[in-house]
Amino acid sequence: MNFLTNRWRTSLLFRVISTTFILSILLISATGSALYFQISNGIYKEKTNGSVVEAQSLIQYSQEQLYSTEYIAKLKVKDVIANIVRSTDQTLTSSPRDVVLVGVPIKNKKNSLYNSSSGGIPVSSIPTSLQKKVEHSTKIKWSRDLITFTDGSASDAIIVGSLIDIPNQPSYELYYIFLLSEQETILSLVVSLLWFTGIFLVLFIGLLSWYVVRQTVNPVRAAAQIAEKLTAGDLDRRMMVRGKDEMARLAISFNEMAVSMQQQISRLENLSRLQQRFVSDVSHELRTPLTTIRMASQVIFDGKEQLDSSAARSAELLMSQIARFELLLTDLLEVSRFDASASILESSPVDIKALVSRTIDQLQPENGKKIKSDFPEGEVIAEVDPRRIERVMRNLIANAIDHSEDKPIVITIKDSDTEVAVAVRDYGIGFTESEAKRLFDRFWRADPSRSRIRGGTGLGLAISLDDAKLHQGTLFAWGSPNNGAQFVLTVPKLPGIPIQNELIPANPNLTASTNFLSFNEDDI
Amino acid sequence: MTLIMVVDDDQDLAEMLGIVLTGSGYEVDLVSSGDQVMPLFETHEPDLILLDVMLPGLDGVEVCKAIREKSMVPIVMLTAKGDTQDVVLGLEAGADDYMVKPFNPNELIARLKVRLRRTSTNAEAKQLRIGDVLIDQVAHSIVKKDKVIPLTRLEFDLLLALAREPGRVFTREALLDEVWGYQNATDTRLVNVHVQRLRAKIEADVNNPLIIQTVRGVGYKAGA
């Protein structure tokens, strides 16, 4: 059943053919039954009319015979009745029939002296309803009923009856029974013919619709297959163009679309290549003079004892601003590498616990609260790019220290078989929901007045998010004013496997749920 | 005096490097194009080469390969690109270490010192054995199956560090600290590339290393 509903949803061919099948079955059975009724009605009407006419003349003839016993001495009533009551086979002028003679009871007294029948039909098999009608009328009455033979078998028949006078006897009823077996044979032939034609028609229509639909569906299927191949990156795929019909037009426009798509893509690829070249050139061109400047400033700074106080202070400022410029340049180049999709993941198995501990040691604020860690036992090995993950951790922890207002910072690591999550929680100033939306924007600062404590570039979180995405991981943020903030980085333990579980929910007030709600970055 | 050959096409940077290095007590040889390196190298015999990757003429990677064919002199690459490709290409060509521009001059000096230092030898255990490789600490050479295998000083230091404590698992960070003089660094490329180079020289089967074994997720250790 599931298979069928699935096919119904996924295959146009299946849907059209099954619909055609069902509709043609309905239509053909309706026509078939109408036809059958017409034919059977006609046949039975014909037979009834013939039977009634035939019986009428027979009854008349029998009556005459019976009357004649009165003046022809040698004729005995008994013999005449025996002659009347006998089966007749088909002749040229008459149909096969049987005869039943029943006495009409007089004042509930039985009157059955001449009761007789032919063809193994018991006298009692005449339906009483018909008997009643015959008794109360001088005319011929008839009905179609089931006749039960003495051997128990039954057959459909037309029974025609009338009162008959037997001289010196009370009233009798004479019935002629015309069995309908012949008509039934004809009808069963008609039925099997109807069935045969019906089934043949249904199959034929089904086949026809399959053929017709296939002609339409095949090009569509081919288009779908080629579209899939195009999506998969096989941009040279095209549809075959045959003839000049609508399908050919579909193929032609499809191919035109593919060509224009290919051109667009190669144009974008070119742009991306140019962008990468540009980034790399800028990188080289800027870095070489910056190196010279930096070394020169270091030499000046190292000799600042020999300078006067304002020149010495200038040397200090020069040093610190060159360092800041350098950081900014590094981050900018990293961002443009992400934009040009030129970032490469260099994965190797890394103990995340050791990596995080090392980062904490580097950043541990000397005065103020210590960073607490909640790590699982043993090693937490994941195949990640250590340079990037360390950069993310450095950004998150430095960020937490900047905004913690000397309150404690808690770093939690949790892992499953497939992924590892690191949460950095602080209890500092936090941020509002509207701020949360812009948190990962480049150069965005929550509070411009306190932004430059650590001289961050304003690109840290944006780069961290890109780093997480490059790992096919996630980076979520939660914050509440004056209650602090929590950032959760989750990365797969093996590259290329999407995150399945939310090991640590971004909102620390929620407990971990196994059902991971994936929401896009706009929700962060 | 220790002679350092500085190969850089940027005149100002080369001059600045000259000032800093001279200030630290080194003798400096300035070369401005890749083509001039080999002829000068043979006559001047520098103790260390500071080599820019982007050079007119023969580029840094090519120069590096050419030097390695003749000498095991320490080479430190200067690169403007921190990109993996450049760094790995340089390291694979035989550079011992690299500095990404713009670098801190003090850090540069520190690195050069590490590369120039003579590994302190243990007089009591002159010879160490690791697998079928014999390490002669006095002669600074290694012998495998009666054949002396030429190693760069860095490769020798790396092998010695592992061999001194057989069975101990060294993290890449520990090796960076011990052999390269880095503190708190995670540049695993440096370690990985050099381990590969070293294996290519001493292992019978590089794909199934017995002397320097990988401990997955942690680092390396010396085999028995």
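Helix 11 of chain A, residues 460–470, is mostly covered, with nine of its eleven residues buried. A residue is termed buried if 20 or more other C-beta atoms lie within 10 Å of its own, exposed if 12 or fewer, and partly exposed in between, with C-beta atoms placed from the backbone. Helices (H or I, at least four residues) and strands (E, at least two) are DSSP runs, numbered from the N terminus. This is a predicted model, in which local features need pLDDT of at least 70 and side-chain atom pairs count only at pLDDT 80 or more, while totals for chains, interfaces and linings use all residues. Residues are numbered from 1 along each chain as its sequence is written, and chains are lettered from A and ligands numbered from 1 in the order in which they are written.

**Helix 11 of chain A**

- The buried residues of this helix are A:G460, A:L461, A:A462, A:I463, A:S464, A:L465, A:D466, A:D467 and A:A468.
- Those buried residues pack against helix 7 (309–339), helix 9, strand 11 (474–480) and strand 12 (484–492) of chain A; two residues are in contact if their C-beta atoms, placed from the backbone, lie within 7 Å.
- After helix 11 of chain A comes A:Q472, which has a positive phi near 60°.

**The two chains**

- Chain A contains eleven helices and twelve strands, and 25% of its 524 residues count as buried.
- In chain A, 63% of the contacts between residues at least 6 apart in sequence join residues at least 24 apart.
- Chain B contains eight helices and twelve strands, and 42% of its 224 residues count as buried.
- In chain B, the share of contacts between residues at least 6 apart in sequence that join residues at least 24 apart is 54%.

**Contact between chain A and chain B**

- Chain A supplies 27 residues to the contact and chain B supplies 21 residues.
- On the side of chain A that touches chain B, the elements giving two or more residues are helix 6 (246–302), strand 6 (348–351), helix 8 (352–363) and helix 9 (386–403) of chain A.
- Helix 6 of chain A gives the most to this side, with 13 residues.
- By class, this side of chain A has nine nonpolar, nine polar and nine charged residues; Ala, Val, Leu, Ile, Met, Phe, Trp, Tyr, Cys and Pro count as nonpolar, Asp, Glu, Lys and Arg as charged, and the others, Gly among them, as polar.

**Open sheet of chain B**

- Three strands of chain B form an open sheet in the order 10-12-11, with antiparallel pairing; two strands pair if DSSP finds at least two bridges between them.
- Strand 10 (170–171) and strand 11 (212–215) of chain B are the edge strands, each pairing on one side only.
- Strand 10 of chain B is joined to strand 12 (residues 219–222) of chain B by two bridges in the antiparallel sense, and B:F170 has B:Y220 as its bridge partner.

**Hairpins of chain B**

- Strand 7 (residues 133–136) and strand 8 (residues 141–144) of chain B pair in the antiparallel sense over four bridges, with B:I135 opposite B:I142.
- Four residues lie between the strands of this hairpin, where B:H140 takes a positive phi near 55°.
- Strand 8 of chain B also pairs with strand 9 (residues 147–149) of chain B, in the antiparallel sense over three bridges, and the bridge partner of B:V143 is B:V148.
- The hairpin of strand 8 and strand 9 of chain B has two residues between the strands, and B:K145 takes a positive phi near 50°.
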